[in-house]
Each structure stands twice: as structure tokens, then as C-alpha cells.
Amino acid sequence: MKLYDSLRRKACRFEPIDPPRVTVYGCGPTVYDFAHIGNFRTFLVYDLLHRRLRQRGLDVQFVVNFTDVDDKTIEGAAAAGRLLDDHTAPFVDAFHKDAGTLGFLPFSDHPRATDFIPAMVAFVERLVASGNAYLAADGSVYYDVSSFGGYGRLSGKGGDDTAGRSRIDADEYEKGDARDFALWKARQPRDELAGAVWDSPWGPGRPGWHLECSVMVGELLGDTIDIHLGGEDLLFPHHENEIAQSEVATGQPFVRFWLHVKHLKVDDRKMSKSLGNFHTLRELLDEGYDPAAIRWVLLSAHYRAELNFTKEGLDEATAAIQRLLDFRQRVTDFAAAADTETGLAARAGEQLGAFGEALDSDLNVPRALAALWGLVRDVNAALDRAPGGIGPDDRTSILSALSAMDDVLGVLDLAAEAREVGAEEEDRIRKLVEARERARGERDFATADRLRDQLAAEGVVLEDTPAGTRWKRVHAAPASAR
Ligand code: AMP
Ligand code: ZN
């Protein structure tokens, strides 16, 4: 498998240090609000990698944290007059629910930063003792960037870079060097209001954001991990600072592969509340969009390529998924004849191989999807000219190739679930379908058409066959949603 490492700036062959175990850390959500679909683009890339590593037989330890103490969470809690934990808990719950809705494999661990405060204090003590951190007059502790020769290797923003300087916080005038960053922040009145204050050898305060990830990585996965992920905005200064802290504290290389996901655009622009193109998953679901279609759209581009989210794209994804469900059904229902030889089993194996190779080329989803559609096209063409049926091996091979592809894409079962109809609902729909058939039998076409339209509005599509009318739920987005 090859993955693009942001540090070496090229795609490199990936082998875990200690196979079959593979250790992965992804920077998780800051729980001051609901995650938006941009966040979910990044988290879905985590899920894609998780699924592919697992499919390759690796024992994946995948940790994604909750940043539940930082400037934004404290500001939100203080403004709402709530304690930090009370403010963040609903957003943690919402994340778990949204991840389930989008079909994420459960990550191995979801630590909250606030559960690791003693380990964070101990980590800072080590950096102070080794002379890599210093105490400022106000009781904050800063990392001394000049003490680490490797600073700037990841981002190329080392020495006197002005991008670094522009980020100096007005509060941080105590710093010795503009690039230095807070490991421990002395208590502020706002922290007190939110109950975000812990004891330390330097007085009451709270951890800095960069420190949190370094400590959770070390505590849960070890000194050197295989893969670290995040959105592209985290490369600098967050990940640069994580390297600086961890490599000095452990004396070991911190991360073997750095992966960064390009930011999602919406309607060709940066997503922002003021532009009105800011979407949370919940809003899209309320508008009637299918979670599987949202998953499909957010995964469909290569993770380092631009992806522009539009509602038209969601409608196309809904249609693509329906094509796949119909395909699966067609193959399942197609007559099997024991002595038929179509060569489809071999073709399915080839396309599955191409699918896997594409994913192993730095998670190239567009190429993997081309293999998937190649399979659909070839099999459909063969079924069109196989009046005698296909062999049972062919059928099994096609369905298992499709299922293996979907083990990574994670859309088909999710979509089928969303289209499932309970017994009562099924009964009601069947009665409407029968009423329409009766109306047609009586040549009352106005009633028949009205019933068909009523069903279509609910996402139920009818197909008249010689054996009677069949129906299926397609869950197209309601027109009112656009
Ligand atoms: P946050 O909750 O702001 O800490 O972000 C959580 C994750 O989402 C981080 O890895 C961010 O880099 C990522 N992220 C934020 N905005 C976007 C976006 N528009 N597109 C893709 N990823 C994003
Ligand atoms: Zn992080």
C-alpha cells in the first residue's frame, strides 16, 4: 500500500512498524458545536482508511479524540453560563450519533482531552526538566521552539516565518520567541466561569490544545505511531507543534506517515455561516437526504483533491446508489443454470483486484469507483445476453466482489437500511398498489395515476411487469428539499 506522507512530500510504501498491529490517530472534533459536513469529509477519510486497513487483515488501533477543552469550548461554555462538561457533552453525543448515521466503523477509542490532564501535566514537567519549556511570569508554560532543531520540517514554516508570527495571540506577550506556543495556560477569569481549571506545579490553569493530542497519542498508542491524520488546516501549527513536543519528550520519531485531507468547498466557496452555505449533517437529513448519498458524495473525490459539495451532487449520488442496489437485486434474482459458463466470475475477480489496487494507491477512490462501475457495466451487458441464466459460481463471485467493495465504501447496506419498510408500512403501501391495479383494471386511469403519484411522493416507485406490479422504495430527495 502506498500513502502520501505530507512530511516527505511524496507517496511512500506503507508497512506498519509492528504488523499486524497498525496504530492510527486522527485529530477529532472540537466539541463546541455540531460537526459540519466539511468535518465529516475529513472524518470519512479516516473511516475509509480504517476500513481498507482492516480489509487488508491488519489489527487497526484507531484513536480519534474529542477536543473538549480549548479556547472555543471554554468561550462557548462561559457565554452560555454552563460548566465546560455540560457544554461539550451534547456535542460529543451528537458526534457519536452522526458517525452512526454515516455508517462509520467504531473507532478503537474516543478519548476526551479532559480525561488526560494528569498525563498532560507530567508531559509538561518533562519538557521543563529537559530545558525545552519555560515558565512565564503569569504562570503559563511555553514550549521553546528554538530548542528543537527539527521545527518546521513538516510545514516548511520554521525559522522566521511570518505566517507563524501572524498567529501570536495578544495574550501571549510573555513568550520569549514569536514561534513559542503555550503548553499550559495560566487560569483566566473565563476559565473559572466554565470550571476549566486544574492544578499544576505552575499554579491553576489548563492545557494548550497542541499538547492534548501529543499526550493522547503517547498514552493510548505509543511513542511512535504509524499514521496521523487531520484536515489540511491542522498541518501548521498544530501538527508541527505536536512533533516538536513529542519528539523532544520521547526521543523517538513521532509519526511515520502524516495524511492531510483537503478542505471541502460548498457551492464552489469556502463554507461559512455568513455565506449561507454552511451545512450540518442534521440539516441535510431534515431536508430528506439519504445518509448513504451524503457519505458517497463526501468520499467520492480523492482526499487530497478539491471536492465541491452541491445538492445536485447529492441527487446524483442518490441515483448512483439506487443503480447499485438495483444491480445487486438483479444479480441476486437472475436465474442460475448449473452448466452455464459466462466468465463473469473471473471478470468480477479482476475488477475487485483493480478496486483494491486503486485504494492502495493513496486511497484513490475515483479510480476504485471506476472499477466498481466497470463491474456493473460488464455484468449488466452479460446478463442482457444470457437468456439461459448464469452459473451459480458467477453469481456468488459477482455478489461477493460487490460486497467486498462495499466493505470499504460502506454505502449499500446503509442505503438499504434507510429504504427498509416496516410490516405496517409495507401493508399500507401494498394496499395502495393493489388499489391502483384495480383502478387500472377498471380503466379508471385518473385514479391509477393519482395513486402512482402519491406513492412516488413517498419515494415508492412502481414497475409493471407481466407478473403484476412490483414496487420499491428509492428514497429520492423530496422536491421541497431543493
Ligand atoms: P474542528 O472540529 O474544527 O477541530 O475540526 C475537526 C476536523 O475537521 C479537523 O481535522 C479539521 O481539519 C477538519 N475540517 C474543518 N473544516 C473542514 C472543511 N471545510 N473540510 C474538511 N475538513 C475540515
Ligand atoms: Zn490534534
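**View 1. Aspartate 268 lies in the loop between β11 (264-266) and β12 (269-270).** Strands (E, at least two residues) and helices (H or I, at least four) are DSSP runs numbered from the N terminus. The model is predicted, so local features need pLDDT of at least 70 and side-chain atom pairs pLDDT 80 or more, whereas totals for chains, interfaces and linings use all residues. Residues are numbered from 1 along each chain as its sequence is written, and side-chain values use heavy atoms, without hydrogens and water. Aspartate 268 is exposed, with a relative accessible area of 55% (exposed, over 50%; buried, under 20%; partly exposed, in between; 1.4 Å probe, protein chains only).

**View 2. Lysine 472 and aspartate 326 form a salt bridge with an N to O distance of 3.0 Å.** A salt bridge places a side-chain nitrogen of Lys or Arg within 4 Å of a carboxyl oxygen of Asp or Glu. Lysine 472 belongs to strand β15 (residues 468-473) and aspartate 326 to helix α11 (residues 311-333), 146 residues apart. Lysine 472 is partly exposed at 31% relative accessibility, and aspartate 326 is partly exposed at 30%.

**View 3. Aspartate 384 and arginine 330 meet in a salt bridge of 2.8 Å, N to O.** Aspartate 384 is in helix α13 (residues 365-384) and arginine 330 in helix α11, so the pair ties together parts 54 residues apart in sequence. Aspartate 384 is exposed at 58% relative accessibility, while arginine 330 is partly exposed at 29%.

**View 4. Glutamate 192 forms a salt bridge with arginine 187.** Their closest N and O atoms are 3.3 Å apart. Glutamate 192 is partly exposed at 44% relative accessibility, as is arginine 187 at 42%.

Definitions and conventions: Chains lettered and ligands numbered in written order.
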